[in-house]
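I kept these entries while going through the model. They follow the order in which I looked things up.

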Protein chains: 2
Amino acid sequence: MIQTISLQNYTIHIGAIWQQWNALLHSLQPSKIVVLVDENTRKYCLPMFSENTNFEHFFVIEIPSGEQHKNIDTCQIIWSKMMDANVDRKALMVNLGGGVIGDMGGFCASTFKRGIDFVQFPTTLLSQVDASIGGKLGIDFQEVKNSIGVFANPKAVFIEPHFLDTLPAREIRSGFAEIIKHSLIYDAQQWQQIQAITDLQQVDWTHFLVPSLRIKQQIVEADPYEKGLRKALNFGHTVGHAVESYFLQSERPLLHGEAIAIGMISEAYLSYKKLGLAYIELEHISQFLLRIYDEVIIPNIAFSWLIEMMKKDKKNEQDLINFSLIHPIGKVHINQTSHWVEIIESLHFYNELIPQTIITN
Amino acid sequence: MIQTISLQNYTIHIGAIWQQWNALLHSLQPSKIVVLVDENTRKYCLPMFSENTNFEHFFVIEIPSGEQHKNIDTCQIIWSKMMDANVDRKALMVNLGGGVIGDMGGFCASTFKRGIDFVQFPTTLLSQVDASIGGKLGIDFQEVKNSIGVFANPKAVFIEPHFLDTLPAREIRSGFAEIIKHSLIYDAQQWQQIQAITDLQQVDWTHFLVPSLRIKQQIVEADPYEKGLRKALNFGHTVGHAVESYFLQSERPLLHGEAIAIGMISEAYLSYKKLGLAYIELEHISQFLLRIYDEVIIPNIAFSWLIEMMKKDKKNEQDLINFSLIHPIGKVHINQTSHWVEIIESLHFYNELIPQTIITN
């Protein structure tokens with residue numbers, strides 16, 4: 001079975017994708033396929049991909065997995081291998097992996113010889129729900145996430161649910177955060193269904209993926225260049241991105257969704273404080289997220305660094321810190337600014353929810 | 001007096017530009033202006049720019065001049081300074097300089113936080129005629145010119161003829177090559193006028209610039225993403241780019257137009273050989289170009305390196321070397337492939353035109 005979501009410029013195929021993929025290859029007739037993988041997707045996904053792809057000219061580029069490699073140095077390695085292989089402008093790049101592969105591979109394709117075609121094969125739940133729509137491509141620069149990049153659309157996105165079978169539980173949880181976010185900002189009814197989930201291993205993700213992608217579709221198509229409405233998707237991400245950057249340098253980096261879960265608690269608190277989100281709703285959100293995600297303390301000494309990081313975030317104009325907040329659950333309000341004192345209060349609120357056997361700092 | 005050329009997405013202003021520039025600033029209301037200069041334009045152009053710009057929030061980034069700095073390392077310096085200055089997405093980048101500043105500054109703007117607005121103030125004749133239209137932005141990578149980049153349009157282009165007054169004669173000659181090219185591929189009548197030029201210092205460049213820009217406009221608007229017709233503009237550039245790259249590493253680098261002049265002689269020879277361009281026309285082209293440009297021998301030992309370079313050029317699909325050739329003067333033919341044996345013949349033809357007191361190799 002296959003489901004499709006047709007966007008303005010391309011289609012997302014979800015399910016039994018291989019026939020559609022080969023049809024696209026047949027119509028594009030690329031001079032070569034460049035497949036970007038990391039050590040995990042080379043092992044767990046490339047065999048299935050190769051077996052189901054009817055095309056001869058195959059060129060595989062492997063990069064090390066992990067957000068810490070999503071930088072300009074790795075781009076130079078990718079471009080360099082493409083140059084050495086004489087990749088021409090009629091080549092097609094296939095990004096087979098999670099968000100790092102999709103964002104960086106898409107950026108490298110969009111800038112190689114001023115842009116070659118690319119397709120996305122997201123292999124993690126996070127990249128399936130988050131990176132399939134929106135055309136946001138890029139890399140981290142100077143510790144700021146996605147600060148260098150472009151907007152560009154793939155020729156198509158192919159979501160093969162079997163890729164999720166090989167994914168660690170922690171990766172599934174990370175992707176789940178974006179599904180939770182979509183329900184909190186846009187779909188109170190799905191939020192009810194989500195709260196009923198007790199065992200993540202029993203979930204049929206296609207069931208949540210398709211409605212979640214449709215929410216993102218509505219928002220992105222109304223605002224492709226993130227001039228306004230699209231900021232709705234930033235709920236949990238202003239604090240979340242900063243938290244993610246902070247822990248990226250620690251011995252125990254957080255996955256994106258884990259950081260966003262913390263960000264959603266902090267920003268639900270700001271929603272309570274600034275917009276009057278009901279305290280009981282704040283409690284429901286916090287309790288549900290802390291049931292799913294590991295309890296991670298944010299050291300008080302990190303607070304000022306986090307605030308500086310939020311100031312550098314690309315959604316801010318001048319020195320104001322911009323948020324997308326919710327009230328009630330299922331309804332989002334963009335362009336809500338907060339003062340750093342309130343943000344620090346929200347971080348304290350989060351920390352105090354965590355049982356602290358040892359007080360950090 | 002001011003002349004304007006209206007393109008699909010922006011306008012080129014030529015002449016007394018300052019009123020139009022301030023009007024644009026007033027309508028855009030950017031949060032900040034980031035002005036990219038090199039040591040020359042800081043000295044010769046920035047004072048006039050500052051004096052005529054009614055805007056307070058000014059941030060100047062200086063990079064060293066020269067094609068050898070048009071690379072990813074310099075981009076990282078530019079991005080880094082923009083990050084440190086908290087440049088936000090409502091900022092406007094002003095590229096005040098020649099082709100390197102325009103190409104690289106436009107690329108940095110188009111990728112910073114996934115793209116901020118930019119305007120071009122080309123200050124050399126070459127960049128005024130060549131970089132004002134087309135949206136081709138980028139940097140050199142692994143010795144291949146413009147191999148990393150994007151297509152993106154500025155908000156406007158402002159051509160201030162007084163900037164040319166401070167330009168060395170050699171830079172003027174370099175820019176003249178693109179005007180010559182436009183006449184050879186599209187305007188036999190202008191080619192007659194051009195041949196009558198005896199003293200470059202006496203020329204009113206605006207007279208040639210506007211028709212030349214209109215030729216480029218016609219070609220680019222018919223083919224914005226260089227899928228076909230736009231290849232017409234590559235006349236002289238297939239050999240020329242390789243020659244430019246070769247001399248970039250020598251002690252005596254050539255300016256872009258100087259390399260393109262050599263490329264035009266070589267490719268006029270191919271036009272004679274492959275398409276039947278009249279030998280007398282080949283002679284006129286060669287003689288005129290050698291009257292204007294320095295006589296530079298291409299060492300025979302460089303030939304195989306040049307051929308490899310042409311193979312890597314982004315306009316080639318697979319291993320064929322693609323040319324845009326002319327026949328007769330004023331009419332261009334794209335997608336003409338040549339064998340390396342013929343290309344080497346054309347390089348010998350060029351070399352033999354040069355009086356050789358010492359035989360190199």
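**Domains of chain A**

I looked up the domain centres of chain A: the C-alpha centres of domain 1 and domain 2 of chain A lie 26 Å apart. Domain 1 covers 2–166 and domain 2 covers 169–353 of chain A, with bounds from an automatic or database domain assignment.

I note that this is a predicted model, in which local features need pLDDT of at least 70, side-chain atom pairs count only at pLDDT 80 or more, and totals for chains, interfaces and linings use all residues. Residues are numbered from 1 along each chain as its sequence is written, while chains are lettered from A and ligands numbered from 1 in the order in which they are written.

In chain A, 27 residues of domain 1 touch 28 residues of domain 2. On the domain 1 side, α6(A) gives the largest share, five residues. I sorted that side by class and got 12 nonpolar, 11 polar and four charged residues. Here Ala, Val, Leu, Ile, Met, Phe, Trp, Tyr, Cys and Pro count as nonpolar, Asp, Glu, Lys and Arg as charged, and the others, Gly among them, as polar.

**Helix α7 of chain A**

Helices are DSSP runs of H or I of at least four residues and strands are runs of E of at least two, numbered from the N terminus.

I then looked at burial (buried: 20 or more other C-beta atoms within 10 Å of its own; exposed: 12 or fewer; partly exposed: in between; C-beta atoms placed from the backbone). In α7(A), 14 of the 18 residues are buried, so the helix is largely enclosed by the rest of the structure.

**The two chains**

At the interface, 32 residues of chain A contact 32 residues of chain B. On the chain A side, β8(A) gives the most, six residues. I also found that 100% of the interface residues of chain A are interface residues in chain B, so the copies meet through the same surface.

Methods: Two residues are in contact if their C-beta atoms, placed from the backbone, lie within 7 Å.
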